[in-house]
Structures are given as structure tokens and as C-alpha cells.
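Colleague: Hi, I'm new to this one. Could you put it on screen and walk me through it?

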Amino acid sequence: MAASVARIEKDFLLKVLFVEQVPLMYLRDRREYILTLDKPVTKEISLKPNRPISRLEIKSKMDLIFEYQRQIIIFSIEIKTLKDGRITADAPEFLYRNLDRSYSRIGAPPDLDVQFTFLGDRYNLAFPKVTEYEQEEIGEFVRNMDPRDLTGLIGQMGTWLESCADGYKFIIYKDVKPSSREERLITETGKVLYLPSTQGPLPTSDPHPKKRLITEETFKRYLEGAGVNPSKADEAAIGFVNDKFSKGVFSDLWVPILFQEYVIGYIHTWISNQDKKPFDYTVVDTLCQFAAILAYSFKVNGFFDPGKVTAPSFEGKVIDISAAGLLFAYPQSGLASALLPDTELAVQLSALKRSVNTNARIVRRYRDNSCSYFGCRFLDMAPEDTRFLFEFLYGKPLTDADAAFLAGHV
């Protein structure tokens, strides 16, 4: 995983770049450029390239790489001025080492055409959609259950809940729509509402790597989005929890059932016996596994078949690309909302009268006011295609020296 360099070390490295004239590598349009600092870094960084760089503009982003003491380090800048062959920018806020990209990324070449197609079945369903969520994996607890036996799965879930809960509900949004605050909350966020005790606050952190809980911060953002004055958010969050306690609910858990980008329903379970052990995180994890296998069971039993559609092909604006993956943008739309982390796409890269066909997985996603941005990692690309793509992007053959410098770091 990429790790940001601590501030003191960052200041030291920026000083070293000038004092020792450490070369910075910049890749663009299949060419490699070397830049050096022509003055010490203060609030700005000033760079001089070894030769003119074509098509640079004010506000262009540059990813710069250097090696120091056998470590590969990268940082990004946004160009402020271009004058007399020199480039200035604000000093980088972060430097990164141990990057998880396999090859250095560059701006998309103008003669590269990229087409994307969804892999697997796609659906247009009359269920609420979420804009962000992480696909839950089917875990060991439910892995050996028969997904074709939906009634049996629901029965097994009920039997298991009897051992740790005082009651539960299993709701599918077929003839009903989200109406209560809890239903709207889990449906709009696609996350789990977990209150281990209604005598305490909402969780302040999420131990799961994919961040699937509605934390106190998430809840307050939801309230503000619903029109609650931010100054009243703390009070409203406390009142939400206290209201459950006053109604005799002492531990509460709401788990959405997700299928692709749709929330098709939820599982709600609670404890009303104050002497009973409250729900721990093992209960959350197990119920999330049940939710995942129930969604899969609905699929294999044909519940979603009337909404099946042909997987669309589309073009995204490629922001940057490497021999291991790419970042592309797509306007905010229904299609963009379906491009969630872990979604797999077929990708066709066309360049120099040759096409490379591979698959890619979305590993990160973020958005601004107009577009969503998707970072993708190529999957199982054929070695000859990797070599061609490397040579096309970087303008040179893939050598052992290049692999040693680039592979596994950037």
C-alpha cells in the first residue's frame, strides 16, 4: 500500500532534491523527461526540464518520480507558471512511497481509444439505488448453504437469530418503499446501522476494511442532507438513540440487502431484554453474510430476470493510464452510479492499429460536482499485451532495468 512520507522526512527529501540535484522523471506522450530543481523548495517548487515538454499548460497536473536510497517516491504538482523553460507550482503537500500501482501512470496519449463494457449480467430494477457501497463477499459461515433454497436460507437465518436476538424482520422493497428514518438511512447510504447499546452513541469508527457502518459522522451528514441545521445535528443524533432506549430497544441492527447498485430490502434485528448480551461485531459480520447470500439467492432464482438488460458499452474520458491500470471520468448519470468499487469491466484499448482486450476492476472511486472518477486495475493481461502497452505508453522496450525501477513501486 502507498504510504505518505512524514512531514519531517518530506522536508528533508525536498531539500535533498535541490542540494544533490536528484533527477525527477516525468513520462508524457511516450517520452521520458528529466527535471531538476533550480532553486530550494519554499512554498513553491521550481523545476527545469532537460528538454522542452510539449502540450504543457497552466493547471496541468504532473506526476514526478525519483529514486533515493533505493526507494521509489512520487509526488504530484499542478503547474502555476511556465516561463523561460521553467515550471513552477505550489510545493507538494504529500510525497508517497511503497505505491500499489505496478507501473508509472501518464496522461492519456491523444491517439489512444478506450471502450468499456460491463462484465456479467446487468439489470434495470425498480429498487432504490445507492451511489457508494462496497460489495459484501460471501463468507465461510454461509458459503456451504444452498443459494437456490431461498426459503431454507431465510429459515436458517431465523434459527441463528433466535440464539442472539429477541426479534427480527426481513423486508423486501417489492410492494413497500423506505419510509422510517432507519429505512431511509440504510437505503440511501447502503451501510449498516449498528447500535450495540442504545445507552451509548453511534459508532465513532468502523473496524471493517470496506467501511460498511453508519458512524456518528455519517449519521450527522445524512441529517444535514435531510435539512437538519448542522448546529442541531449532535442533539438529533443523541435523541435518535435515546428514543430507541425509551421504547425498550437495547441493542439494534439494520443490515441492507444489496444487489449490484440496488438496495432490495433489509434485515432488522433487535434486543429488548436488558439482561441479554448486546450485539457484538460478530453478529454484524454474520448478518452481512446472510444479506449477501440472500441477494445471490434472489438472482439465481430468477427474481431479477424481468429487469435484465444488455450490458452497455461506453467511452470514458481517460485521465491517466499505466501498464497496470487507468483512471477515467464519466459524467454523473445512472450509468456512473452503477460503476461501484469491485465492478469488473471489459476494456478495449486501441492504439497504433492494434487493440488490447483485457478486463479491469474498479478499485477506487471519487466524484466532483459534474463527474465521477474511477481508478481501475487491469486483470490477467496477456504478457504480449502488457509488453505492447508498455512500449506504446512509454516509448521504449520493457527491459529488466525498467521493470526493476517501475514494477511493484509506482
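Colleague: Let's start with Ile106: what is its bridge partner in strand 18?
Modeller: In strand 18, Ile106 is bridged to Ile321. Strand 9 and strand 18 (residues 317–321) run antiparallel and are joined by two bridges. Strands here are DSSP runs of E with at least two residues, helices are runs of H or I with at least four residues, and both are numbered from the N terminus. Two strands pair if DSSP finds at least two bridges between them.

Colleague: Before we go on, what kind of model is this?
Modeller: This is a predicted model, where local features need pLDDT of at least 70, side-chain atom pairs count only at pLDDT 80 or more, and totals for chains, interfaces and linings use all residues. Residues are numbered from 1 along each chain as its sequence is written, and side-chain values use heavy atoms, with hydrogens and water left out.

Colleague: Thanks! Back to strand 9, then. What is the strand order in the open sheet of eight strands?
Modeller: The order is 9-18-19-22-21-20-10-17, and the pairing is antiparallel. Strand 9 (106–107) and strand 17 (313–314) are the edge strands, each pairing on one side only.

Colleague: How many bridges are there between strand 10 and strand 20?
Modeller: Six bridges, in the antiparallel sense, connect strand 10 (residues 113–118) with strand 20.

Colleague: Which strands does helix 9 lie across?
Modeller: Helix 9 (residues 383–394) lies across strand 9, strand 18, strand 20 (344–351), strand 21 (354–367) and strand 22 (371–379). Helix 9 runs at about 75 degrees to strand 21. Such angles run from 0 to 180 degrees between N-to-C directions, with axes fitted as lines to C-alpha atoms, for helices over the stretch in contact.

Colleague: New topic: what is the order of the open sheet with four strands?
Modeller: That order is 12-15-14-13, again with antiparallel pairing. Its edge strands, strand 12 (167–172) and strand 13, each pair on one side only. On average, neighbouring strands of this sheet are turned by 15 degrees against each other, direction ignored.

Colleague: How many bridges join strand 12 to strand 15?
Modeller: Six bridges join these antiparallel strands, and Ile172 has Gly265 in strand 15 as its bridge partner. Helix 3 (residues 150–162) packs on the sheet and touches strand 12 and strand 15, its direction making about 155 degrees with that of strand 12. Helix 4 packs on the sheet too, touching strand 13, strand 14 and strand 15, and its direction makes about 45 degrees with that of strand 14.

Colleague: Which residues of helix 4 are buried?
Modeller: In helix 4 (residues 181–189) they are Glu182, Glu183, Leu185, Ile186, Thr187 and Thr189. Buried means under 20% relative accessible area, using a 1.4 Å probe and protein chains only. These residues pack against several elements, including helix 5 (216–225) and helix 6 (233–246). Contact means heavy atoms within 4.5 Å. Just after helix 4, Gly190 takes a positive phi of about 70 degrees.

Colleague: Is strand 5 mostly covered or uncovered?
Modeller: Strand 5 (residues 61–68) is mostly covered, with six of its eight residues buried. Strand 5 pairs antiparallel with strand 6 (residues 71–83) over eight bridges, and Tyr68 stands opposite Gln71 in strand 6. The two strands form a hairpin with two residues between them, and Gln69 in the turn has a positive phi of about 50 degrees.

Colleague: Last one, zooming out: how many helices and strands does the protein chain have?
Modeller: The protein chain has 10 helices and 22 strands. Of its 410 residues, 47% count as buried. Along its principal axes, the C-alpha trace spans about 75 × 50 × 35 Å.

Notes
Buried < 20%, exposed > 50% of the residue type's maximum accessible area, 1.4 Å probe, protein only.
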